[in-house]
Amino acid sequence: MDTPNGTIRALLLAQERGTPMKRVPEAQALEGRGFVGDRHGKKKPNGKRQLLLLDEASHASLRLGAGALKENVVISGLPLESLPPGQRLALGAEVVVELTEPCVPCSKLERIRPGLLKESWGQRGQLARVLSGGTVREGDGVRLLDVNPDAPRPIRPKLP
C-alpha cells in the first residue's frame with residue numbers, strides 16, 4: 001500500500017439547516033451522494049458539493065472550531081488549496097473522491113465573525129464528489145491518486 005500523504009483529523013455531518021455540525025468517529029460515503037446522514041447528500045445526486053474537505057492548517061489559521069465552516073472532512077499534511085479540480089484522493093482504504101472546485105467564501109461567514117469572509121479567501125477548502133463509497137474513519141490516511149484530465153476548470157472568483 002502507498003504511504004499516505006495526509007491524515008483524516010475530523011469527520012463531520014451537516015444535519016438540519018442552521019444546526020451545528022455533528023462530529024463522528026466514522027462516516028459511510030455513498031457513491032455520487034456524499035456521507036450518509038449529511039444533508040448535502042440529499043440535495044443533488046452527482047452534484048459538485050457532496051463533501052467539503054478542509055486542510056487542518058487552514059482550519060487552525062482561521063481559529064475556528066470543528067464544523068464552523070460546514071466542512072465534512074478535516075485533513076492534516078495535505079495542502080488542499082494547491083490541488084487542482086479533478087484531483088482524486090483515496091480516503092482510507094475504500095473511499096475515493098474527486099475535487100470539483102474550491103469552496104468560495106460567502107457572506108454567511110460574516111455572521112460567524114466579522115471579517116471572516118476576507119480572512120477565509122483561499123482557505124475555504126475544496127468541494128468534492130464521491131467516486132467510490134465505503135467507510136472512512138478519523139485517523140485514516142489520505143493518498144493522492146491521479147488527476148481526471150477531463151475535469152472542468154472552474155474560474156476562481158475575485159475577492160469582493
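Reader: Is Arg 63 buried or exposed?

Author: Buried means under 20% relative accessible area, exposed over 50%, and partly exposed in between, with a 1.4 Å probe and protein chains only. Arg 63 has a relative accessibility of 56%, so the residue counts as exposed.

Reader: What kind of model is this, and how are its residues numbered?

Author: This is a predicted model, in which local features need pLDDT of at least 70, side-chain atom pairs count only at pLDDT 80 or more, and totals for chains, interfaces and linings use all residues. Side-chain values use heavy atoms, with hydrogens and water left out, and residues are numbered along each chain as its sequence is written, from 1.

Reader: Where does Arg 63 lie, and what is its phi?

Author: Helices (H or I, at least four residues) and strands (E, at least two) are DSSP runs, numbered from the N terminus. Arg 63 belongs to the loop between α2 (56-61) and β6 (73-76). Most residues other than glycine have a negative phi. Arg 63 is not a glycine, yet its phi is positive, near 55°.

Reader: Which phi value does Lys 70 have?

Author: Lys 70 is also placed in the loop between α2 and β6. Its relative accessible area is 33%, so Lys 70 is partly exposed. Although Lys 70 is not a glycine, its phi is positive, at about 65°.

Reader: Which residues does Glu 119 touch, not counting residues up to four places away in sequence?

Author: Glu 119 is in helix α4 (residues 116-119). Its relative accessibility is 28%, and therefore it counts as partly exposed. Contact means heavy atoms within 4.5 Å. With residues up to four places away in sequence left out, Glu 119 touches Leu 62, Arg 63, Arg 113 and Pro 114.

Reader: How far apart in space are Glu 119 and Glu 98?

Author: In sequence, Glu 119 and Glu 98 are 21 residues apart. From C-alpha to C-alpha, the distance between Glu 119 and Glu 98 is 26 Å.

Reader: What radius of gyration does the protein have?

Author: The radius of gyration is taken over C-alpha atoms, and the globule rule is 2.2 Å times the number of residues to the power 0.38. For 160 residues, a compact globule would have a value near 15 Å, which agrees with the protein's 14 Å.

Reader: What percentage of the residues count as buried?

Author: The secondary structure of the protein comes to 4 helices and 11 strands. Of its 160 residues, the share that counts as buried is 48%.
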